[in-house]
Amino acid sequence: MTEVVSPFWKSSYSGAENACVEVADTAAHGRAVRDSKHPEDGVTLLIVSRESWQGFLSQF
């Protein structure tokens, strides 16, 4: 299991609405992504590698 090593923060693309995602760093230098409406649900995380995250961000 991938270890989350930082606090979660809201995505800069999230607006004033509650439809947000939160992101945190992982021990493997990737990212963990979760739904901000259910932060207590630590089981439902999308874990991506550093390369995948950088590829995702390059689309914007």
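Me: What is the order of the strands in the open sheet?
Reply: This is a predicted model. In it, four strands form an open sheet in the order β1-β2-β3-β4, and the pairing is antiparallel.

Me: Which strands are at the edges?
Reply: The edge strands are β1 and β4, the latter spanning residues 46–48. Each of these pairs on one side only.

Me: And what packs on the sheet?
Reply: Helix α1, residues 50–57, packs on the sheet and touches β2, β3 and β4. The direction of α1 makes about 100° with that of β4.

Me: Back up a bit. How many helices and strands are there in the chain?
Reply: The protein chain has one helix and four strands. Read from the N terminus, the elements run β-β-β-β-α.

Me: OK, strand pairs. How many bridges join β1 to β2?
Reply: Two bridges join β1, residues 9–10, to β2, residues 21–25, and these strands run antiparallel.

Me: Which residues are the partners there?
Reply: Tryptophan 9 has valine 23 in β2 as its bridge partner. For lysine 10, the partner in β2 is glutamate 22.

Me: How many bridges for β2 and β3?
Reply: Five bridges, again in the antiparallel sense, with β3 covering residues 31–35. One of the pairings is valine 21 with aspartate 35 in β3.

Me: What about the hairpin of β2 and β3, how many residues sit between the strands?
Reply: Five residues lie between the strands of that hairpin. Histidine 29, in this hairpin, takes a positive phi near 70°.

Me: Changing topic. How many salt bridges does the structure hold?
Reply: Two. In general, side chains of opposite charge can pair when their charged atoms come close.

Me: Which residue does glutamate 22 pair with?
Reply: Glutamate 22 forms a salt bridge with arginine 34, and the closest N and O atoms are 2.7 Å apart. Glutamate 22 lies in β2 and arginine 34 in β3, so the pair ties together parts that are 12 residues apart in sequence. The two side chains also make a polar contact, at 2.7 Å.

Me: Is glutamate 22 buried or exposed?
Reply: Glutamate 22 is buried, because its relative accessible area is 11% and the cut-off for buried is under 20%.

Me: And arginine 34, buried or exposed?
Reply: Arginine 34 also counts as buried, with 17% relative accessibility.

Me: Which residues make the other salt bridge?
Reply: Aspartate 25 and arginine 31 form a salt bridge, with their closest N and O atoms 2.9 Å apart.

Me: How exposed are those two, then?
Reply: Aspartate 25 counts as partly exposed at 27% relative accessibility. Arginine 31 is partly exposed too, with a relative accessible area of 22%.

Me: Now the chain as a whole. What share of the residues count as buried?
Reply: Of the 60 residues in the protein chain, 22% count as buried.

Me: And what does the accessible surface come to?
Reply: About 4400 Å² for the protein chain, and 55% of that belongs to carbon and sulfur atoms.

Me: Last one. Among contacts between residues at least 6 apart in sequence, what share join residues at least 24 apart?
Reply: In the protein chain, 15% of those contacts do.

Conventions. Residues are numbered from 1 along each chain as its sequence is written. This is a predicted model: local features need pLDDT of at least 70, side-chain atom pairs count only at pLDDT 80 or more; totals for chains, interfaces and linings use all residues. Side-chain values use heavy atoms; hydrogens and water are left out. Two strands pair if DSSP finds at least two bridges between them. A salt bridge is a side-chain nitrogen of Lys or Arg within 4 Å of a carboxyl oxygen of Asp or Glu. Buried means under 20% relative accessible area, exposed over 50%, partly exposed in between (1.4 Å probe, protein chains only). Contact means heavy atoms within 4.5 Å. Axes are lines fitted to C-alpha atoms, for helices over the stretch in contact, and angles run from 0 to 180 degrees between N-to-C directions. Accessible areas come from the Shrake-Rupley method with a 1.4 Å probe; for residues, only the protein chains shown count as cover. A polar contact is a pair of N or O atoms within 3.5 Å; within protein, one must be able to donate a hydrogen and the other to accept it, and residues adjacent in sequence count only if both atoms are side-chain atoms.
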